[in-house]
Amino acid sequence: MDPPFNEIYKNLLFKQITNTENNVPQIPFSFSITAVVEEVELPLIDVSRLIDGAEKEREICKEEIARASREWGFFQVINHGISMDVLEKMRQEQIRVFREPFDKKSKSERFSAGSYRWGTPSATCLRQLSWSEIFHVPMTDISDNKDFTTLRSTMEKFASESEALAYTLAEVLAEKSGRKSNFFKEKCVRNTCYLRMNRYPPCPKPSEVYGLMPHTDSDFLTILYQDQVGGLQLIKDNRWIAVKPNPRALIINIGDLFQAWSNGMYKSVEHRVMTNPTVERFSTAYFLCPSYDAVIECSGDCPTYRNFSFREFRQQVQEDVKKLGYKVGLPRFVNHLY
């Protein structure tokens, strides 16, 4: 069932690794596995008020969403319109798929080629290794798939309801940044977004290896459904904090594109997943992304970032990961004219 982590990465796992090793670039500070000060609950927002609430309640809810996006870059939503039945079925289906033998998963044709991924092929040290396996599934793989399996129908339902929630949140954030816009419904159409099913197997060196390396998301916003194992951490006030799981809530986080589009008003915050020595962890994420040709235009008279296309951004991220072993992201697109 598990990918062959121990076999493929044995040289990294069973020898002393230091940043002075030949050909290993300097690792960012945030990649050090430091002690977490506390476990916290993210801001919790009842988004049913956006639909059912009176005008005053709707405005309070919008402000809570905007404030959490400015101050945290992360928040939780309840009464979000995605039924617990759909979420539970999604969890059961992904567990079933990940429990298949490794050879079957890695050669699966249920999704497009390259959808199944594990580990970090470019890793040259433990800090660059992600102890996880994923199915990275473009929305077109779901909607165009005529194989009416329980997995496909469950993913379709989860994706459709996540899409509706993502549009709602994006439009609120656009309004509160002073940019009422049809941008998201025009540019972030179904075939440009994707789902990612994640599994984090038990890890023999949890103090040294990440489940998922520190990173920011290369999208507008992400909707995450996770189990109750825990392990998600984020940076708040220059320190790592652990996110306390809430079985009723979905986690929302701001991506790089929203930070640029809002001229830094909303924060794309670095986050990571820690490994567990005995328990596996599952999660599913929906990513709101534009078409590759969509241009991200920073708002304001003094834009922090220059205009760039999503294609250019993705290519730069891939080049940095290949060359450095980690993503640089938005600092590559700072506008030096201001």
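The sulfur of Cys 193 lies 5.6 Å from the closest cysteine sulfur, that of Cys 188, which is too far for a bond, since a disulfide requires the two sulfur atoms to be within 2.5 Å. This is a predicted model, and a search of the whole structure finds zero disulfides.

**Cysteines**
- A disulfide is a covalent bond that joins the sulfur atoms of two cysteines.
- Cys 203 takes part in no disulfide, and the nearest cysteine sulfur, belonging to Cys 125, is 14 Å away.
- Cys 193 has a relative accessibility of 2% and therefore counts as buried, because the limit for that label is under 20%.
- Cys 203 is buried as well, with a relative accessible area of 1%.

- In soluble globular proteins, nonpolar side chains tend to be buried together.
- The largest nonpolar core in this model holds 93 residues, and those with the most contacts inside it are Ile 65, Met 155, Phe 184, Phe 220, Leu 221, Phe 258 and Leu 288.
- Helix α8 gives the most to this core, contributing 12 residues.
- A second, separate core consists of five residues, including Tyr 210, Met 213, Met 274 and Tyr 326.

**Helix α8**
- Helix α8 covers residues 150-176, and its 27 residues should span 39 Å at 1.5 Å a residue, which agrees with the 39 Å between its end C-alpha atoms.
- Just after α8, Gly 178 adopts a positive phi of about 85 degrees.

**Strands β7 and β12**
- Strand β7, made of residues 210-215, is mostly covered, with five of its six residues buried.
- β7 pairs with strand β12, residues 271-274, in the antiparallel sense over three bridges, and within this arrangement Leu 212 of the model stands opposite Val 273 in β12.

**Annotated domain**
- An unreviewed UniProt entry places the feature "domain: Fe2OG dioxygenase" at residues 191-290.

Definitions and conventions
Residues numbered from 1 in each chain as written. Predicted model: local features only at pLDDT ≥ 70, side-chain atom pairs only at ≥ 80, totals over all residues. Heavy atoms only, no water. Buried < 20%, exposed > 50% of the residue type's maximum accessible area, 1.4 Å probe, protein only. Helix = DSSP H or I, 4+ residues; strand = E, 2+ residues; numbered from the N terminus. Pairing = 2+ DSSP bridges. UniProt positions renumbered as here; feature names shortened; annotations may be inferred. Expected span 1.5 Å × (residues − 1). Core = buried A, V, L, I, M, F, W, Y, C linked by side-chain atoms within 4.5 Å.
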